[in-house]
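Student: I'd like a close look at one part of this model, please. Could you walk me through the salt bridges and whatever sits around them?

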Amino acid sequence: MKNNIRVARAVERMTQQQLADAVGVSRQTINAIEAGKFIPSTLLALKIARLFRQSVESIFELEASDLRN
């Protein structure tokens, strides 16, 4: 799954730590999500999208490999 968290953070001039604090996770979790190493829960994805005032689909995007069984 691809995501645009780094871009959204840059627009808001927000650090990984600030985002992590705002949504209640560790900075390492945000780093892992941005790097594509961790897929967030639905709740966390919704919190992140709401914080940036965007839809979940504008922050997170499925890749073709995500659609294969």
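Tutor: By salt bridge I mean a side-chain nitrogen of Lys or Arg within 4 Å of a carboxyl oxygen of Asp or Glu. E34 lies in helix α3 (residues 27-34) and R6 in helix α1 (residues 5-12), so this pair ties together parts that are 28 residues apart in sequence. Helices here are DSSP runs of H or I with at least four residues, strands are runs of E with at least two, and both are numbered from the N terminus.

A word on where this comes from: the model is predicted, so local features need pLDDT of at least 70 and side-chain atom pairs count only at pLDDT 80 or more, while totals for chains, interfaces and linings use all residues. Residues are numbered from 1 along each chain as its sequence is written, and side-chain values use heavy atoms, with hydrogens and water left out.

Back to E34, which also meets R9 in a salt bridge, at 2.5 Å from N to O. This pair links distant parts of the chain too, with E34 in helix α3 and R9 in helix α1, 25 residues apart. Put together, R6, R9 and E34 form a network of salt bridges. And are E34 and R9 buried or exposed? E34 has 10% relative accessibility and counts as buried, and R9 is buried as well, at 12%. (Buried means under 20% relative accessible area, exposed over 50%, and partly exposed in between, using a 1.4 Å probe and protein chains only.)

E34 turns up again where α3 meets α2. Q16, Q17, L19, A20 and V23 in α2 touch R27, I30, N31 and E34 in α3, where contact means heavy atoms within 4.5 Å. By class, that contact has four nonpolar, three polar and two charged residues. Ala, Val, Leu, Ile, Met, Phe, Trp, Tyr, Cys and Pro count as nonpolar, Asp, Glu, Lys and Arg as charged, and the others, Gly among them, as polar.

Now for a pair elsewhere: K2 forms a salt bridge with E61, with their closest N and O atoms 4.0 Å apart. K2 is in strand β1 (residues 2-3) and E61 in strand β2 (residues 60-61), so the pair ties together parts 59 residues apart in sequence. K2 counts as partly exposed at 42% relative accessibility, and so does E61 at 41%.
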